[in-house]
Amino acid sequence: MVGNLEKILQGYLPQDHKFEILHLQNTPTQVRPIVTLPKKNCHTKSQDVTIKTPHFFALANNSKFIYGIEIHVYIILKNNNNNNNDTVNEKNPSYDDAERLIFISKADTNGYSDIKFSAKQITKGIIHYLFSIDPNHYLKQVVPLERKYEQSFSKIFITKETSLENALQILSNRSHQKEKSQAVRKKMLQSHQHYLSFKLANKIRTKLCLFTRPADQYLFAESSKNPNKHTLSGMGLLKWWLSIIDDLLCEDFTKDSEGKLRIPGEESIIVKRCFKPNNFSNWTVGDIFGGKPNSLAIFSVPLFSDDPKSRFLHELVEEARVMKTNLETFWMELQERQEFKLSETVSVIGISGYTAISTAVIPTEFDTIITDSKKQYRYIKNYITGEEYNAEEGALESYVNIVDYLRYKYNRSLTSIVGTMPKNLKVKEPVNTPQITTLQPRKKIKI
Amino acid sequence: MSDQDNKEISETFLELAKNEFKIESIDKEVEQFKIRKMESAYNERDTLIEKIPSFWKIVLSQHLDFANYIRASDFKYIDAIEKITVKYASDIEKIGSFSITFHFNEIKDDLPEQIITKKFKLVKIGPKQRSDEEGEDDNTKETELDDIESDERLISEVCDIEWPKEYNSINPDLIEDKKSPEGKKNYRQGMKSFFGWFRWTGLKPGKEFPHGDSLATLLSEDLYPYCVKYYTEAQRDFADEDSYSDDTSEEGIDLSEEEQDNDEEPAKKKIHTS
Amino acid sequence: MSDQDNKEISETFLELAKNEFKIESIDKEVEQFKIRKMESAYNERDTLIEKIPSFWKIVLSQHLDFANYIRASDFKYIDAIEKITVKYASDIEKIGSFSITFHFNEIKDDLPEQIITKKFKLVKIGPKQRSDEEGEDDNTKETELDDIESDERLISEVCDIEWPKEYNSINPDLIEDKKSPEGKKNYRQGMKSFFGWFRWTGLKPGKEFPHGDSLATLLSEDLYPYCVKYYTEAQRDFADEDSYSDDTSEEGIDLSEEEQDNDEEPAKKKIHTS
């Protein structure tokens, strides 16, 4: 049986080479709105629901992880009916519009692949796979922002609010309960799970955005110490991503969709020059966040995790300038941020439009590890991102750990994929035989 | 498992709960023992410190966390603090409560010499009243909830302190119209100053000095016990050798996420691999 | 300042040093008091825990920090741990030293039942020998530096433990050629496993189980004292409710203050109240 993930990705991997892929996804979770709301609107607009789902993909070949990408998918359910004073429906509001926002958090290679594969192709393939997922996949079971614990609850269920003594009391009660009442409790738990669920009627707008900035490594710590790893300059990275996004616009989106590019600190004319090699016709200078140059940045720019834009907004709050900084100033100053390598180009690339492809894919247990908590998601991901990749051992060690962990805790294995992308491939010399230096900790733990 | 086994396990959990209770009470006893033992050493130290010029000024300006709590304009008055002492309650029922005494030197035409003691009490409190500093949404409505989890928190009383003359415009006692935009703004500024902290009670979340309890704890659990360490650190020849590293988000390597967030663990592990 | 003043201050510093010494020794006394008081409560708890099926398995697999130290393949053997106890040395000169005992159940054809005790000693050490886990630059050259700042560290002895049969290929006692690339690789893998930790001494930085001392401390200061808390946390009915927050850049921004008074406030505080 060939799963969707395998079916879709095989075309992006070199013919006849065997790969394995980890697809990790956390349970969709309701989060606070990612764009800050002006206080006055807080109540009227708070009926919008934002649901976040992180995905992490890691590609392995020859028992080594060689590539990884982390992408966060947000589904934003909107209520555009202006019946704000309508409190009747408060418990079960209807959502007449929705949007899917895909934020590419980081992608990285580590240079330990024994064969040549195109990081660009697999990146494209994975994003294409995400575009193909039915947005309803994220809406069946959503962990609510807050659970309201009822009084009756506190004697039966152990929650994060339960004190140690009460938890022991509950455990004591449970252990002499008859099987029948155990079953009753389980049933009650299901009804109290407080999962939200929604259903989308129509096809929804899809947006994508990413921030390009040159760095030695994004996911594989210390991998820049591997001489076989390629790192790109700011402009190189921009072009690399731009060509991926351009391909995706051509292949996956309707013609009236838009591509957007902003290079903070750069004139429009220069930005436009980057469009030359593009094939999609509707590329313009700007971003998908909206707002006028003189409107406040805080009300347009979304807050993503580990994103320089978000850090900058937080800094503006600390400097008490957030209510004075408009978008124009925001973009100008952003480029001067210390966290960027000196005078390297950073950019913001975006897509806004409707997909023209089938969106019927539902990730299943067959090819996806769906964790039930952020903690568990992080933990598994950390087997890969917590390793150090200054030597090949890191790529081997992370692979062994993931394989062992999935087998022992989930009775699962990685998804195998044999590439089908025809290409004349030169097999590279084996990169380097295991270089033994000194023992490295598996995890970097910092305070 | 047999019913008999289940019954035994059920009882074991209850025994464990009792045992935890015992452990908690030993913790308090240990705390009491420590307070009593330390008292004379701290008293002796207080006397010694008095002989060292600008001791507290140096300690307080050295400590970055402390500076985070107050307004920049407060430093003038922080520098006028001649002496700080902390007294810890040692009665078993009062463990966790303490008082902090500040001796302010006079600043001519601005601040009078004064000795001010602020008292803090550790009280048990239900979960619904815990929402201190949560901003505007003042959910103080009395909920008749079960005590799902009782937690402890610090509270205090408004404490009389004479404000500096320079602070007249933000001194809450002198603001006549607290409803006007100007009045509101000044009032809020005053409440955020170090002098505003002396009014902190912990009972009016969102309306008082922010994080007043954390500042109290910082003084009682860190600044006072380790003041000599901070003093000597401030005296290091190389000012750039301090251990305050920049925040990790600026480091460029994107591992910061995984590394910061195990806040559930009681004893945070500190492993520096670098 | 007069010579007299200077002399007095100089003496004060000496007195302060003595006072600090006194405080340190009180700290040890407090620690001793605690260890002695806790002993019977911990013993009682050990007995109770034995009656709860899979107690340690649940605690150890729940605790992410612990899992961070070991290899994923170790979980099979971690799950075979029936019992863990920690004994803390209570002699004043030995405060900080402890031993940890593990009872492993048998795993048929793989691991024998065994009871293993690993001992840890806290020793004073000069600054130059502190470079454990510092990776490549193995600066073990003896430097005759003044003991500018003496520090304490844990050391241990190699401890006999029978390795699982499944680990034969990485069991350091069974690797014949430790110099071949394959042998080296297997040796290193073995040293990183939980069984490798039993060989940790703290004396061969970079060549042993990584962060062996931190794992020991994690067990003695966190996992063992708070095991019941971790056990109950593992029993929560809603797995998704963890308090692991994402990094702060994604946290929502509360504008309630800024929108009211956007004037020159001092730099907004970064205070972690948790």
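Predicted model: local features only at pLDDT ≥ 70, side-chain atom pairs only at ≥ 80, totals over all residues.
How are α2(B) and α8(B) oriented relative to each other? They are roughly perpendicular, because their angle falls in the range from 65 to 115 degrees.

**Chain B as a whole**

- Chain B has nine helices and four strands.
- Starting at the N terminus, the elements of chain B follow the order α-α-α-α-β-β-β-β-α-α-α-α-α.
- Chain B has 274 residues, and 47% of them are buried.
- If you take the contacts in chain B with a separation of 6 or more, 63% of them link residues 24 or more positions apart.
- The accessible surface of chain B is about 14,600 Å², and carbon and sulfur atoms account for 46% of that surface.

**Two helices that cross in chain B**

- Back to the opening pair: helix α2 (residues 55–62) and helix α8 (residues 227–234) of chain B pack at about 80 degrees, and their axes are 9 Å apart.
- On the α2(B) side, the contact is made by Phe55(B), Trp56(B), Ile58(B), Val59(B) and Gln62(B).
- On the α8(B) side, the contact is made by Cys227(B), Val228(B), Tyr230(B), Tyr231(B), Glu233(B) and Ala234(B).
- By type, the residues of this contact between α2(B) and α8(B) are nine nonpolar, one polar and one charged.

**Where chains B and C meet through helices**

- Helix α1 of chain B and helix α1 of chain C each span residues 3–50.
- These two helices pack at an angle of about 170 degrees, with 10 Å between their axes.
- An angle over 145 degrees counts as roughly antiparallel, so that is how α1(B) lies against α1(C).
- The contact of α1(B) with α1(C) involves 20 nonpolar, four polar and 18 charged residues.

**The sheet of chain C**

- Chain C holds an open sheet of four strands in the order β1-β2-β3-β4, and the pairing is antiparallel.
- At the edges of this sheet are β1 (81–88) and β4 (151–156) of chain C, each of which pairs on one side only.
- From one strand to the next, the twist averages 20 degrees.
- Strand β3 (residues 114–125) of chain C is joined to β4(C) by six bridges, and the two run antiparallel.
- To see this pairing in the structure, look for Phe120(C), whose bridge partner in β4(C) is Ser156(C).
- Helix α7 (residues 212–223) of chain C packs on the sheet and touches β1, β2 (98–104), β3 and β4 of chain C.
- The direction of α7(C) makes about 80 degrees with that of β2(C).

**Enclosed elements of chain A**

- Strand β6 (residues 205–212) of chain A is largely enclosed by the rest of the structure, because seven of its eight residues are buried.
- β6(A) pairs with strand β5 (residues 97–109) of chain A in the parallel sense, over six bridges.
- Within that pairing, Glu99(A) has Arg205(A) in β6(A) as its bridge partner.
- β6(A) also pairs with strand β9 (residues 347–353) of chain A, here in the antiparallel sense and over seven bridges.
- Leu208(A) stands opposite Ile351(A) in β9(A).
- Helix α8 (residues 308–318) of chain A has nine of its 11 residues buried, so this helix is largely enclosed by the rest of the structure as well.
- Among the buried residues of α8(A) are Pro308(A), Lys309(A), Arg311(A), Phe312(A) and His314(A).
- After α8(A) comes Ala320(A), which has a positive phi, near 55 degrees.

**Residues to find in the loops**

- Asp16(A) sits in the loop between α1 (4–9) and β1 (18–26) of chain A.
- Asp16(A) is not a glycine, yet its phi is positive, near 70 degrees.
- With a relative accessible area of 64%, Asp16(A) is exposed.
- Ser54(C) lies in the loop between α1 and α2 (55–62) of chain C.
- Ser54(C) is another residue other than glycine with a positive phi, about 60 degrees.
- The relative accessible area of Ser54(C) is 41%, so this residue is partly exposed.
- Ala72(B) belongs to the loop between α3 (64–69) and α4 (75–78) of chain B.
- Ala72(B) is exposed, with a relative accessible area of 55%.
- Ala72(B) and Phe194(B) are 122 residues apart along the chain, and their C-alpha atoms are separated by 9.8 Å.

Notes. Residues numbered from 1 in each chain as written. Chains lettered and ligands numbered in written order. Heavy atoms only, no water. Axes fitted to C-alpha atoms, helices over the stretch in contact; angles between N-to-C directions. Parallel < 35°, antiparallel > 145°, perpendicular 65-115°, else oblique. Nonpolar A, V, L, I, M, F, W, Y, C, P; charged D, E, K, R; others polar. Buried < 20%, exposed > 50% of the residue type's maximum accessible area, 1.4 Å probe, protein only. Contact = heavy atoms within 4.5 Å. Areas by Shrake-Rupley, 256 points an atom, 1.4 Å probe, with all protein chains shown as cover. Pairing = 2+ DSSP bridges.
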